[in-house]
Every structure is written in C-alpha cells, then in structure tokens.
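I opened my notebook to look at a ligand and the chain around it. Here is the model I worked from.

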Amino acid sequence: MTANPMVPSAALVASVKAATHDVYDTAEIQRQDAAHYMHPFTDHKALGERGVRVMVRGDGIYLWDSEGNKILDGMSGLWCVNVGYGRTSISDAVYRQMQTLSFYNSFFNTTNVPATRLAALLVEISPPQFNHVFFTGSGSEANDTNLRMVRRYWDLKGFPNRHTIISRYNAYHGSTVAGAALGGMAGMHEQGGMIPGIEHIGQPNYLENGSGMSADEFGIVAAGWLETKILEVGADKVAAFIGEPVQGAGGVIIPPATYWPEIERICDKYDVLLIADEVICGFGRLGTWFGSELMQIKPDLITFAKGVTSGYVPLGGVLVGDRVADVLIEEGGDFNHGFTYSGHPVACAAALENIRILIDERLVQQVAQDTGPYLKEKFEALMDHPLVGYADTCGFVAGLNLVRKKAEAVHDCEFFEPDHGVGMLCRGYMFANGIIMRAVGDRMIIAPPLVMTRAQIDEMIFKIRYCLEATLIDLQQRGWVV
Ligand SMILES: *Cc1c(COP(=O)(O)O)cnc(C)c1O
C-alpha cells in the first residue's frame, strides 16, 4: 500500500455526485459550512480554517465523501448505524408512513399504530422486568426523562429527599443540561452543564486504576466506590445510580466481569434504583439485545436511542421496569413530562423495520457467536504491534491503547505525553487512508456496523495495521518513541 491510495479520478468524483442526485461544489459547501453551520462538540473557528469533510453517501459499512473517497466506517456513524447504510426497506417504511400519517402527537388521548406496535415489540425483546416504554427524540432526552422519573418515583413513595443520582466520571449520558450533568465530562460541566443533586464516582478503568490487582479484584474495588458515595451522601438521599454497561464515548471502557453484579448488589442493599444507559449497548452492540443481559444485571430503567433506528431517523426512549412503572401508573396521576415528538410515527416505523432486520438477519446472534469472537481474535492480535500496549473488545466495540513503551504487564507500559496528541495523529492517518477510527486520548476505538462480515473485519484490521505502522514511523521521526 502506498501512503495515499485514495486520489480520486475525475470520473469517480462525477459518478459519486450523480449517485447523490445532487450536484455541488465541495469548496462551496465548505465555505457555506464555515460561514453558517455551528457543529456539535467542535471548535468552529479551527474547523472553518481546516475545511470540513463532506459525506455524501453510505452503503453497508462504507461511506463516500464529496471527493469520491471510499471510507470504511469503523464507528457506525456515531455508534448507531447497526444495520449498515443504504437499507431501502427502512427508507420505504419511512416513506410509506410519511404518506399515511406523517405526524400526530400522543398527548390528547391518542396514539398511532407504529408507536404502539414498537412499544409492544420492545417489551418483547427486552428483559422480563420491562413492560412499558416512554419515547423521546434522543438519548439525552431519555436521560432527562430518567432523572424526572426516578425523582417522581421517590416522591410518590413518600421519600422526597431521595433525589440524588450517582453517576461516574468520564460517563457520557448526552448533552441536554440533565444529560451533561449526569455525564462525567468535566469539559461539559464547565460550560453550563451541571445541576445540583448529581454525584460522580470513579469509572471501572482497569488500565488506569487497577495496578497491583487482578481485573476481577479491581471490579469489586471499583464497584465499592458506589457504596462509599452512598454512605457519604446518605442512603436516604440517593435516588438512583446510572451507568453505561460498557462506557462508549469515554473510550470503550470494558468493566471487569465482577463489576456490574457488585454494583447491583450495592443498589439492592440501599434500595437505590439502577439505570442502565444502553444508548450504545442496546440493539445487539455487545452480542445481546441489551448490554445489561451480558453483564447479568436487572436494571429498573434502560435508556435507549441510537441503534433502535440505526440512526435512520432520530428516536430515543426509556424502558420502564415494573418497579417504577407500577408506582407511576397506579399512584402517579399525570406525569408532567413529554415531547412533541414522543412516539413520532415516522421514527417508530423506522425502528420497527430496523428491528425486523436485526431479527431476520440474526445480527445479534451473529455478533455473539461468529463475527464478535472473530473481531476479538483479530483485534487483540494487534497487541503484537510495538505501539499497542493493550487491546480489548466486547461484542462489536473495541479499543486499543497506544503506548510509548510496551511492557509484559499492562500497568507497566509507558504512555505518551497527553499534549502530544498521539491518538489524534493516529486518527489522522486512519482518516487519510479510508478508515474511521475514533481517538479518546491515546485510546483508539471502534464500534463497527453489526453487518460487518469476517472478510470486512480482515480488511479493517489490515487498514488499522497499516495506519499504526504509518503512525509509528511518524513518531520515530519526531523522536517520541523509544
Ligand atoms: C449518544 C449517547 C447519549 C446521548 O444520545 P443523543 O441521541 O446524542 O442525545 C446518551 N447516552 C449514551 C451512552 C450515549 O452514547
């Protein structure tokens, strides 16, 4: 492979433009973008100076940009395109629904067919404690709903002081005010994203905090931080604990097997509600319908979004377990919460077809039994590369840590200076060579579409290896590796 095999021919560019049914000039889009479009989580000025990349088409696990570059999407868009791009059966379902009933609300003693059908289907595929669903437009709104719901639950139970929610540092729970506050990202808290009544504990990051312990020992220790925090806040003030089964945006932090059962034991001991934020882990991502099944816990509430529609249209929601639903429904009267687009018929139609695909193509089983184990074997083998100090996977999420100097025991690896930005450097090589991998610090992460085949895993691993090598050569020239 040469350094940049992706120089497009004029003919290819023209054909991509034709395929999008849209003729445009990349430079003009970039100019308009810089002038008018404020992107999420972006330094607007820096982006404008650099020039934004324009994505124009997707098919299966691949994307094409406006310059004709074909890119293997190792991140499923933003952890969401579980069934892959270009599924015409979903666009057909959406089109039919828009023609039949484009919108109606669920407020005034009314419902619509897709929303009701989807609620029933979600109950069928979710763990047995779930019999009710609350719909939102996104994962963030779903976590706002959780906050309101657990506080309402404890009010109704006669414990109005039980309002504190415990979360974890480096968690991601969205970017509404409640979502940002529940999350554990300091950069978000600093920018108006913190509210009272939310506490944080450490994350189960074995690599960072587990030195001197086996992973299983560390799992128990990390879960114990929850008990310490409950006692510090006062058990009579804690409403709930929220966590992602596997932390996604925080860097694919896969907890030791002992962690979640111990968290659940502590929640039970102090009568604290357990919320699993499954916006990433749901809908087959870990080889089970929901990540809490893999972790063998029974949460009271599950947040979902992303994979529920594979990102074709926005949809989120909360699976409400019987413990909470029974109180809210039997004793609660009006729950003064909801959104214009709660149960949007078009979004629900997309979700129904998306879930049908997941079921009919046995994608969850495929990840559990075939491609997930294959990815694990191939991805963890990257540890033979001199830059890779640690690599682990769980279903179809995976991460590897770039290190300055490897060691036999992971905790003895030497890391790069954080401000060298080695992860971003590596990400640049990935992007330039037609593969999307995300960098969280110096941890490189992927969450591929669940439709990815073994042959495509081989292709992805080949590209990752090539880019690791390019990164290594670059770092040697800078004198940053030993
Ligand atoms: C993406 C994400 C959210 C937020 O979902 P949005 O649809 O972006 O609001 C919440 N929790 C987790 C775990 C996520 O990954």
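My entries below go from the chain as a whole to the ligand site.

**Ground rules.** I am working with a predicted model, where local features need pLDDT of at least 70, side-chain atom pairs count only at pLDDT 80 or more, and totals for chains, interfaces and linings use all residues. I number residues from 1 along each chain as its sequence is written, and side-chain values use heavy atoms, with hydrogens and water left out.

**The chain.** I found 18 helices and 15 strands in the protein chain (DSSP runs numbered from the N terminus: H or I of at least four residues for helices, E of at least two for strands). I then looked up burial: 54% of the 482 residues count as buried, meaning under 20% relative accessible area with a 1.4 Å probe, protein chains only.

**The ligand shell.** Which residues surround the ligand? I listed Ser-138, Gly-139, Ser-140, Asn-143, Tyr-172, His-173, Gly-174, Glu-244, Asp-277, Val-279, Ile-280 and Lys-306, using a heavy atom within 4 Å as the test. Helix α7 (residues 139-156) gives the largest share of this shell, three residues.

**Polar contacts.** I took these as pairs of N or O atoms within 3.5 Å. A ligand nitrogen atom sits 2.7 Å from a polar side-chain atom of Asp-277, and a nitrogen atom of the ligand is 3.3 Å from a polar backbone atom of Tyr-172. On the side chain of Lys-306, an N or O atom is 2.6 Å from a ligand oxygen atom. The ligand taken alone exposes 380 Å², and the protein buries 84% of that (Shrake-Rupley areas with a 1.4 Å probe).

Technical notes:
Polar contact = N/O pair within 3.5 Å; in protein donor to acceptor, adjacent residues only side chain to side chain. Buried < 20%, exposed > 50% of the residue type's maximum accessible area, 1.4 Å probe, protein only.
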